[in-house]
Amino acid sequence: MHSDLSDGLSSIEEVLDSAERASLDVIALTDHDDIRGGFELRELAARRSSPVEVVTGSEVTTRSGHLLALWIEEEIPMFSSLAQAVTLIHRAGGVAIAPHPLSYLTFSIGEGALRQLAGDADDARMVDAVEVRNPSYAGRVRASRALWLNTHVLHAAETGSSDAHHAALVGTCWTEFPGSTSGALRSALQAHETRADGRGWTLREHLDGAAKQQWRSMVRDPIKRARRTMTRAGGGKNK
């Protein structure tokens, strides 16, 4: 899910409120190429003794498409190759998940790139899971093919994610697993004991705030991320 620190429309407080109302056990805030929101959400959940456990993460922009990085404590560089990004996530102690795979409606990892990873003898370069349930139109357009590809070729764990950019949509899709903690979730991913579930968004849910969200996603946030990258390269402080 995403917050207004990235291209989302809701604050981290609103995101956590919705997660609690949905009775979710574990959530991950994955703002685009920015881990700061995950840290802030984790701290907020701890301060108010929330029953929801927060996993830090980000949605990394690779040259092949977006890639979720969970359980990381440092940012993964933008525009790395897919194999390099997966390797860096693993070196950072994280888990790599392909979100909305194969979709032509958003920047997604294609079938060829995923097949190339699967054919690599180095397991450190393989994604740990594939998102096979995403409630958005973009996430659903190639969902059946992505499920087939994972079942017959990739053999990764499966996940479901709300990909919510609005707090009201938090919990519309989810990952079921034995247990209720982040540690149990991670063990279930490693053992391929996860199952994706949830529902698709209605047209009204898609249109609610869509123009504002798309402006943030396509214009404002790429500029912000580019400035942060240049600031880091120049040795300055992050803004």
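The expected span of a helix is 1.5 Å times one less than its number of residues.

**Ground rules.** I count residues from 1 along each chain as its sequence is written, and I use heavy atoms for side-chain values, leaving out hydrogens and water. As the model is predicted, local features need pLDDT of at least 70 and side-chain atom pairs count only at pLDDT 80 or more, while totals for chains, interfaces and linings use all residues.

**Whole chain.** I found nine helices and eight strands; these are DSSP runs numbered from the N terminus, H or I of at least four residues for helices and E of at least two for strands. Of the 239 residues, 50% count as buried (buried is under 20% relative accessible area, exposed over 50%, partly exposed in between, with a 1.4 Å probe and protein chains only). I looked up contacts (heavy atoms within 4.5 Å) with a separation of 6 or more, and residues 24 or more positions apart account for 67% of them. The chain exposes about 11,200 Å², with 52% supplied by carbon and sulfur atoms; the areas are from the Shrake-Rupley method with a 1.4 Å probe, and for residues only the protein chains shown count as cover.

**Helix 2.** Helix 2 covers residues 36–47, and its 12 residues should span 16 Å at 1.5 Å a residue; I have 17 Å between the end C-alpha atoms, which agrees. I listed Gly37, Gly38, Leu41, Leu44 and Ala45 as its buried residues. An α-helix has 3.6 residues a turn, so residues three or four places apart point the same way. The buried residues of helix 2 pack against helix 1 (12–21), strand 1 (26–29) and strand 2 (53–62). On the other side, Ala46 and Arg47 are exposed. Glutamate 43, also in helix 2, is partly exposed at 47% relative accessibility. After the helix comes serine 49, with a positive phi near 50°.

**Helix 7.** In residues 182–191 I found Ser182, Leu185, Ala188 and Leu189 buried. Their arc down the axis of helix 7 is within 120°, so they too line one face. They pack against strand 1, strand 2, strand 4 (95–98), strand 5 (129–133), strand 6 (157–160) and strand 7 (173–176).

**Salt bridges.** My search of the whole structure gave 10 salt bridges, each a side-chain nitrogen of Lys or Arg within 4 Å of a carboxyl oxygen of Asp or Glu. In one of them, glutamate 20 and arginine 48 have their closest N and O atoms 3.0 Å apart. Glutamate 20 lies in helix 1 and arginine 48 in the loop between helix 2 and strand 2, so the pair ties together parts 28 residues apart in sequence. For glutamate 205 and arginine 199 I noted 2.8 Å between the closest N and O atoms. Elsewhere, salt bridges that share partners join Asp17, Glu20 and Arg48 into one network.

**Surface patch.** Tyr104, Leu105, Tyr137, Leu203 and Leu207 form a nonpolar patch with about 570 Å² of accessible area together. Patch members have over 30% relative accessible area and no salt bridge; like charges are joined within 9 Å, and nonpolar side chains (Val, Leu, Ile, Met, Phe, Trp, Tyr) within 5 Å. I placed tyrosine 137 in helix 5 (residues 137–140), where it is partly exposed at 37% relative accessibility.

How values were computed
Arc of directions from axis to C-beta.
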